[in-house]
Amino acid sequence: MTNAGIPAKSRPATDAANAARSAAVLMVLPKRRRQWAQSALVSVAAAVLALILSAAMFPWAFTTYEPNAMDLMATLQPPSFEHLFGTDALGRDILCRSIYGAQISIFVAACAVFVAGAVGTALGILAAYFRGPTDAIIMRLADVQFSLPAVILAMFLVGAIGASILNLIIVLTLANWARFARVIRSEALSLRTRDFVLLAELAGASPLRVMVRHIAPNILSSLIVLATLDVGVIVILEATLSFLGLGIRPPDPSLGTLIADGRGYLATAWWISVLPGLVLMSLILACNTLGDYLRDRLSPTLAMKW
Amino acid sequence: MSKYVLMRLLQSIVTILLVTAIVFVVIRVIGDPTHLMLPPEATAADRELLRRTMGLDEPLVIQYLRFLGDLAVGDFGLSYRFNQPAMSVVLERVGHTLVLTFTALGIAVLIGVPIGVMSAVYRDSWIDLTGKLFAIVGQSAPPFFFGVLMIAFFSVHLGWLPTGGTGGVQYLIMPAIALGWYSAAGTMRLTRASMSEVLEAEYIKMAKIKGLPQRVIIYKHALRNACLPVITFTALQLGVLLGGAVSVEAVFAWPGLGFLILKSIEDLDYTIVQAAVTLIALSFAAINLLVDLLYAWIDPRIRYD
């Protein structure tokens, strides 16, 4: 395009804008390096997640200590080769406790995401398929979940039914299913009007068959992305509850309780809180990075709905 | 429009009724308040008497309706710990939480929006990469752990700021940053996404062709159109902040609503929990309603759905 159609007086300003733009161009990384940065980030995240997961699954391969074994001859030891993460006031090995803590956190989060994903998806599809009263009831229930911050809802429920691993999974599910239901419902609503669904109905397929065989498979990629992104949120929620004393109960370690345990020793033994906290952060960081990556690859339209 | 407003209002009322019903059921059915109000040596007859005077022997539906009636006048009963009406204890604490959440929200917007705008304008530059890194780390740091880290460094190591409590501004700095950081990351990502989309629009190209300075294009033409989703997000972020405030308040012994709920759950002071949870749900439903109505007012397409 030439400048022919533009009034002459605006040309200098256009040049100024061009200059600004080329200044911007200078700061843009070459495309190859950009992709390299992206894939490097994803690889690091995958490696970190693999390391944490394998430590959680095979703790004996990573530590020779017992999570609750006290050693009163070695209390409040700073990190050393013997105790990589140091020891707490009872001489328990912090690395070992972090590994077992991560194990519980990951187990609880995985169960909660799985159940919340399954329940939310089922309700979302039901609401979209039947519309009318079914839709209204399910969506009002979702509104109820959304009308309380997840932490407060979870605290309230744990306070009522008591803290245990099973209750924690139940509570985290109750505090988290509605997100799945809303997104899946809107996806299913648009699938509902597609020709292949209408044809399946014309051919006499039962509602159950339409929902399971025709709608469900088409929302799978959204569900995977939602679930991956949800893991980080649930891990934070579980850690918050445990930190507040409403999740995993001592002496069992969880990353949240470990951070809470060390709060009184920040001046003398910072490692008790800080190192398990860094494990927690790396876990969440890895989950979020992989979730973002999966979303970009599988379902870019989800970005705005989330 | 009036039909939409009416529908939306009705929805909110249903939601609030459901929330109160759930709060009522969870508290009255699962926990028997007489266990908390009587000394352990009380006899079954004492308990029965108390149950009758409290109306706990009546059908649940009647009890729920009475609960709703009390709720309408803000009467949640006495807190046995404070020996005051539960609602007045809750309202005393609301101020502290509001100061904390709004400061955090301010921090989130002041950090998130400029970085988001810069990231969108200089897409894929080192600014964008740094911004992305900032967002990823921000969304991965639980506010309570960020708070613990700050205490370890700024209070214990450097001795600059108090570890907790309330008083002057120095007490507010760390809790507000710990809380706001998490939302800043989200605000930044959304600003970036929404700005990037707007910057592709025809009228931005037009503004460039007209030869407007970049500053005017970015702030006057692009940001104004990109800020609608950001405003919604910020409004809804209040809820996230209110939730996050619980753990941050616990870390910094900040005497707000979250800290009060936590202590009340620990001490089984359920009148307080009930009052606080209901209040939060009500204000939430109100925020959601306002955001939706504002949206419908701005964007007519929504009303005709």
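Modeller: Happy to! Chain B has 13 helices and two strands, where helices (H or I, at least four residues) and strands (E, at least two) are DSSP runs numbered from the N terminus. The radius of gyration of chain B, taken over C-alpha atoms, is 24 Å, well over the 19 Å that the globule rule gives for 305 residues, so chain B is more spread out than a compact globule. That rule is 2.2 Å times the number of residues to the power 0.38.

Colleague: Is this predicted or what, and how is everything labelled?

Modeller: This is a predicted model: local features need pLDDT of at least 70, side-chain atom pairs count only at pLDDT 80 or more, and totals for chains, interfaces and linings use all residues. Residues are numbered from 1 along each chain as its sequence is written, and chains are lettered from A and ligands numbered from 1 in the order in which they are written.

Colleague: What does the C-alpha trace of chain B span along its principal axes?

Modeller: About 85 × 60 × 25 Å. Of its 305 residues, 41% count as buried, meaning that 20 or more other C-beta atoms lie within 10 Å of the residue's own; with 12 or fewer a residue is exposed, in between it is partly exposed, and the C-beta atoms are placed from the backbone.

Colleague: And how many helices does chain A have?

Modeller: Chain A comes to 13 helices and zero strands. Buried residues make up 45% of its 306 residues.

Colleague: How many residues does each chain put into the contact between A and B?

Modeller: Chain A gives 49 residues and chain B gives 54; two residues are in contact if their C-beta atoms, placed from the backbone, lie within 7 Å. On the chain A side, the helices that each supply at least two residues include H1 (11–27), H2 (31–57) and H12 (271–298). That side divides into 35 nonpolar, ten polar and four charged residues. Here Ala, Val, Leu, Ile, Met, Phe, Trp, Tyr, Cys and Pro count as nonpolar, Asp, Glu, Lys and Arg as charged, and the others, Gly among them, as polar.

Colleague: You mentioned H12 of chain A. Where is A:Leu290, and is A:Leu290 buried or exposed?

Modeller: A:Leu290 sits in helix H12 of chain A, and A:Leu290 counts as buried because it has 20 C-beta neighbours inside 10 Å. Leaving aside neighbours within four places in sequence, A:Leu290 is in contact with A:Val42, A:Ala45, A:Ala46, A:Leu49 and A:Thr228.

Colleague: New topic: at what angle do H7 and H8 of chain B pack?

Modeller: H7 (residues 143–157) and H8 (residues 169–199) of chain B pack at about 140 degrees, with their axes 9 Å apart. The axes are lines fitted to C-alpha atoms, for helices over the stretch in contact, and angles run from 0 to 180 degrees between N-to-C directions. H7(B) and H8(B) are therefore oblique to each other: under 35 degrees counts as roughly parallel, over 145 as roughly antiparallel, 65 to 115 as roughly perpendicular and the rest as oblique. The residues of this contact divide into twelve nonpolar, one polar and no charged.

Colleague: Last one: which loop holds A:Arg131?

Modeller: A:Arg131 is in the loop between helix H3 (94–130) and H4 of chain A. A:Arg131 has a positive phi of about 50 degrees although it is not a glycine. With 12 C-beta neighbours inside 10 Å, A:Arg131 counts as exposed.
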